[in-house]
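Trainee: I am new to this structure and would like to go through it with you. Could we take it step by step?

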Amino acid sequence: VEPPRWDVALDVVRTMRELSQQPNTYTCNALMDVFARGGQWKRAAWLLDRMIFEADRLEKRRQERDAGNSAPDKSPAATAAKPQTVTVSPDLFSFTILINAHGRAGRTRAAMDTWDKLLARQLTPNIVTYSAAIRSCRGDKGRLWP
């Protein structure tokens, strides 16, 4: 089995952007998963932080727009003139990927910090996320037995 090729995955994302396609939550999650499986937890953590930053920035911009305009123009002309918003908001899968990556690297504290970020965003963990968090507590790079 060939190891994960995160460098090739990055090339795919670059090509996507060159073709005027913006990454979204799904493509970011796929890239984060390749990073994580390739032992690149720092890159995966950076990408999750970037997704959080972008989601917060978009939410702040939306709130500012809503506060300044109580009745937005929803006419077909106004809607057509607006560029499509790209959603890069991290989801439960995003956090689960990084919790797993930290767990495989023996980074229990970092996994729990990611867990805290997940809860702070008011996401509800599922059984996969709970299992990843529990496994990350091994702290021994994933070895079950000595």
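Mentor: Gladly! Let us start with a term we will need: a helix axis is a line fitted to C-alpha atoms over the stretch in contact, and the angle between two axes is taken between their N-to-C directions. Please keep in mind that this is a predicted model.

Trainee: Are α5 and α7 roughly parallel or roughly antiparallel to each other?

Mentor: Helix α5 covers residues 92-104, and its axis lies 8 Å from that of α7. The two pack at an angle of about 20 degrees, and their crossing is left-handed. Angles under 35 degrees count as roughly parallel. So the answer for α5 and α7 is roughly parallel.

Trainee: Is S20 buried or exposed?

Mentor: S20 sits in the loop between α1 (6-18) and α2 (25-37). Although S20 is not a glycine, its phi is positive, at about 65 degrees. Exposed means over 50% relative accessible area. With a relative accessibility of 62%, S20 therefore counts as exposed.

Trainee: What is the relative accessible area of Q122?

Mentor: Look in the loop between α6 (108-120) and α7, where Q122 has its place. Q122 is not a glycine, yet it has a positive phi of about 60 degrees. Q122 is exposed, because its relative accessible area is 71%.

Trainee: How many Å apart in space are R43 and W6, C-alpha to C-alpha?

Mentor: R43 belongs to helix α3, residues 41-68. At 35% relative accessibility, R43 counts as partly exposed. In sequence, R43 and W6 are 37 residues apart, while in space their C-alpha to C-alpha separation is 9.7 Å.

Trainee: What share of the 146 residues in the chain is buried?

Mentor: To be buried, a residue needs under 20% relative accessible area. Across the 146 residues in the chain, the buried share is 30%.

Definitions and conventions:
Residues are numbered from 1 along each chain as its sequence is written. This is a predicted model: local features need pLDDT of at least 70, side-chain atom pairs count only at pLDDT 80 or more; totals for chains, interfaces and linings use all residues. Side-chain values use heavy atoms; hydrogens and water are left out. Axes are lines fitted to C-alpha atoms, for helices over the stretch in contact, and angles run from 0 to 180 degrees between N-to-C directions. Helices (H or I, at least four residues) and strands (E, at least two) are DSSP runs, numbered from the N terminus. Angles under 35 degrees count as roughly parallel, over 145 as roughly antiparallel, 65 to 115 as roughly perpendicular and the rest as oblique. A crossing is left-handed if the near helix is turned anticlockwise from the far one by less than a right angle, and right-handed if clockwise. Buried means under 20% relative accessible area, exposed over 50%, partly exposed in between (1.4 Å probe, protein chains only).
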